[in-house]
Amino acid sequence: MTSPATRFPLAFRLLHWLMAICILAMLFIGVGMVSTVSEMRTWLIDLHKPLGILILCLAAIRLCIRLAYPAPALPADLPIPQRMAAHLSHLLLYVLMFALPIIGWAMLSAGGYPVQLFGTFVLPPIAPIDGPLFTFLRQAHTVLAMTLFAIILAHLGAALFHAWVRRDGVWQAMTLGHGQRRLPTSSTGYAP
Amino acid sequence: MTRLTLPVALRLLAIGGVLLVLSAVFAIAAGWLPPHRLRAATIVDALEAHDGRHPGFRRAHAKGLCIEGSFSSNGNGALLSKAGIFAKSDSPVIGRFSTGGGQPYAADGRLAFRSLALSLTQADGEQWRMALDDTPIFPVATPQAFVDFQRATTPDPKTGKPDPALVDTYMAEHPETRAFVRWQQDTPLSTSFANETFYSINAFRFIDDTGKTWMVRWSFEPETPFEAIDKATLGARPANFLFDDVIARLTRNPLRWHLIVTIAEPGDPTDDATTVWPANRNRVDVGTLAIDRALTEENGDCRSITFDPLILPSGIAPSDDPLLPARSGAYASSLARRDGEHGKPSALADDPEARRARP
């Protein structure tokens with residue numbers, strides 16, 4: 001079996017893939033709901049709000065696990081620019097996982113919109129009703145959502161590069177199967 | 001550093017392919033690729049083109065006055081909807097009287113919508129918002145027709161008037177708009193906001209505590225007796241006569257309206273705001289709205305919220321009327337635009353009579 005240092009804990013890996021699905025769905029729902037005034041708009045907004053709060057809760061659990069269990073080390077031969085890109089993108093992913101739902105919640109609060117999740121369950125406002133604040137948060141929500149999608153693309157591209165080109169075990173650190181972390185060898189086709 | 005062999009090139013290509021597919025799906029979801037979708041921004045753009053851009057003001061119903069009061073439920077509504085607002089109780093209300101159009105300094109003496117917008121807050125914090133007009137019907141049935149109507153009637157910069165050919169073409173395709181205009185011309189107009197009936201325009205669903213759904217429209221009917229204005233003298237009235245009148249009335253007494261819920265029968269259209277339901281439909285008086293205070297927009301709370309008709313408490317839900325999501329989206333788009341601008345807060349801020357409406 002794998003040693004604890006080479007893979008993330010199982011709960012963390014499960015959470016990663018669950019959140020990957022939720023966040024991608026959320027981004028698609030978000031751009032979809034603002035693109036139309038058909039009845040899809042209402043339906044998607046009613047999905048967007050509770051899903052956003054779910055992601056915020058999952059992000060909090062995930063951060064706790066991440067802080068409790070250190071991440072497996074990156075391969076020793078990974079060039080420094082790639083190493084820095086990895087750390088920076090992971091930091092941004094964490095920041096955005098928290099920032100987007102909180103900004104969305106604050107934006108609705110500032111616009112005087114009740115944050116109704118389902119049935120009669122309404123979240124309290126976390127910002128005062130304030131016009132310029134609403135406009136600012138709405139723009140921030142859009143820009144940061146686009147940024148998040150761009151970082152997810154880079155993250156996925158880098159992960160697949162590890163899986164298919166470098167074959168250095170970084171991909172297996174996050175997969176759900178019993179993937180044995182492969183040691184980097186010179187036969188990977190990607191020679192340092 | 002990288003030794004690019006054929007298998008590696010293929011794998012890099014595969015990675016690029018995955019990212020491209022994901023980006024394409026994103027672009028499709030966002031409506032960046034054809035077919036064309038009607039966006040909220042398109043509606044607001046059409047309004048701005050029609051009436052000009054007036055920074056800081058609502059893009060429709062730009063001229064308005066904040067109001068405050070309460071709604072007293074008599075308990076009858078609880079038979080139709082489980083919404084907390086219908087329990088026998090009083091709920092605080094903020095709202096706004098406004099006149100139609102996107103020009104904040106337009107004179108009140110014209111044939112335009114007169115509107116009452118309300119936000120009712122239940123004891124549990126849930127809100128019911130609505131934007132009602134003084135006509136039981138709307139000139140268009142769909143968001144696309146709304147945009148087409150705005151475009152067809154947008155003044156030509158050269159003449160300052162809409163191009164009659166465009167108007168005729170539009171009207172020929174939209175008998176419902178023609179019928180609305182005729183209705184507006186033929187129906188007596190009241191002298192005041194105070195003696196006006198305001199209508200929900202769209203149909204909604206009421207859900208009672210057994211889960212049964214009732215298709216409804218509603219109206220606010222004034223206690224102040226109706227009095228017709230001579231339409232021939234409209235143009236000679238003072239610019240703010242409607243707002244000055246209601247401010248003056250509110251300094252003397254509260255104004256009251258009865259919330260009348262009209263229940264549809266099977267076959268009554270719920271997705272077409274251009275048609276009225278037969279006059280013999282059941283009507284239920286569910287409570288009384290009392291407005292007791294007016295405030296100009298720089299002092300009131302009505303300016304920085306939208307009267308989005310889809311902000312509904314549990315027990316009230318949208319119908320299949322396609323105007324509802326469009327109203328919701330366009331109001332949000334207008335809010336985001338005006339809130340980011342530094343405009344004059346109220347068209348009535350410099351009105352001598354309106355000074356009396358300050359706290």
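Let's start at a strand pairing: Thr121(B) stands opposite Gln127(B), a residue of S4(B). What you are looking at is a predicted model, where local features need pLDDT of at least 70, side-chain atom pairs count only at pLDDT 80 or more, and totals for chains, interfaces and linings use all residues. As for bookkeeping, residues are numbered from 1 along each chain as its sequence is written, chains are lettered from A and ligands numbered from 1 in the order in which they are written, and side-chain values use heavy atoms, with hydrogens and water left out.

Back to our strands. S3 of chain B covers residues 114–121 and runs antiparallel to S4(B), with seven bridges joining them. For us, strands are DSSP runs of E, at least two residues, and helices are runs of H or I, at least four residues, both numbered from the N terminus. Two strands pair if DSSP finds at least two bridges between them. S3(B) and S4(B) make a hairpin with five residues between them, and Gly125(B) in that turn has a positive phi of about 95 degrees.

Now, is S4(B) mostly covered or mostly open? Covered: seven of its seven residues, 127–133, are buried. Buried here means under 20% relative accessible area, exposed means over 50%, and partly exposed is in between, with a 1.4 Å probe and protein chains only. In a regular strand, side chains alternate between the two faces of the sheet. In S4(B), Gln127(B), Arg129(B), Ala131(B) and Asp133(B) point one way, while Trp128(B), Met130(B) and Leu132(B) point the other.

On to the cysteines. A search of the whole structure turns up one disulfide over all chains, a disulfide being a pair of cysteine sulfur atoms within 2.5 Å. The partners are Cys66(B) and Cys302(B), with sulfurs 2.1 Å apart. They link distant parts of the chain, 236 residues apart: Cys66(B) sits in strand S1, and Cys302(B) in the loop between strands S9 and S10. The torsion about their S-S bond is about -75 degrees, so this disulfide is left-handed. Cys66(B) is buried at 1% relative accessible area, and Cys302(B) is buried at 1% too.

Cys22(A) is buried, at 9%. Cys64(A) has its closest cysteine sulfur in Cys57(A) as well, at 12 Å, again too far. Cys64(A), though, is exposed, at 54%.

One last stop: UniProt, in an unreviewed entry, places a transmembrane region at residues 12–33 of chain B. In the model, that span is 82% helix and 0% strand, with its end C-alpha atoms 26 Å apart.

Note on methods. UniProt positions renumbered as here; feature names shortened; annotations may be inferred.
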